[in-house]
Amino acid sequence: MAVSMTPGRFEELVGDALDLIPPQLAAAIDNVVVLVDDRNDEDPYLLGLYHGIALTERDSHYGGSLPDTITVYRDALLEICSSEEEVVHEVAVTVIHEVAHYFGIEEDRLHELGWG
């Protein structure tokens, strides 16, 4: 059964998840916007999405680019959870997973590390 949660509370959980990023890594994040949306139009079951150029792939042509985005999909996450505690966990995993993509960590490696 899906968890019911106000948009404000969900955004608070996304902020809390961002606070879990170690300060030295957080300081390295540049030109990224974190957004919350209801669902991904192309894949309604997607929990999060990083869209941009990973830090490991940026070169001298990157300057002046629009910000990369990390989108966390609220309804998809709430739908797979049965308690607020589970939402807290899943939001944290999703945010860390997408931030890892920003740092150039691929999907397979994230699964190996337990952040899949």
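In what order do the 3 strands of the open sheet lie? In this predicted model, the order is 1-3-2. The pairing is mixed. Strand 1 spans residues 32–37 and strand 2 spans residues 48–51. Both stand at the edges of the sheet, and each has a single partner strand, so one side of each is left without a neighbour there. On average, neighbouring strands are turned by 15° against each other, with direction ignored.

Strand 3 covers residues 68–73. Strand 2 pairs with strand 3 in the antiparallel sense, and the pairing runs over 4 bridges. Two residues of strand 2 illustrate the pairing. L49 has T71 of strand 3 as its bridge partner. For Y50, the bridge partner in strand 3 is I70.

Side chains alternate along strand 2. G48 and Y50 point to one face and are buried.

Helix 4, residues 84–102, lies across strand 1, strand 2 and strand 3. Helix 4 runs at about 15° to strand 2.

Definitions and conventions. Residues numbered from 1 in each chain as written. Predicted model: local features only at pLDDT ≥ 70, side-chain atom pairs only at ≥ 80, totals over all residues. Heavy atoms only, no water. Pairing = 2+ DSSP bridges. Axes fitted to C-alpha atoms, helices over the stretch in contact; angles between N-to-C directions. Contact = heavy atoms within 4.5 Å. Buried < 20%, exposed > 50% of the residue type's maximum accessible area, 1.4 Å probe, protein only.
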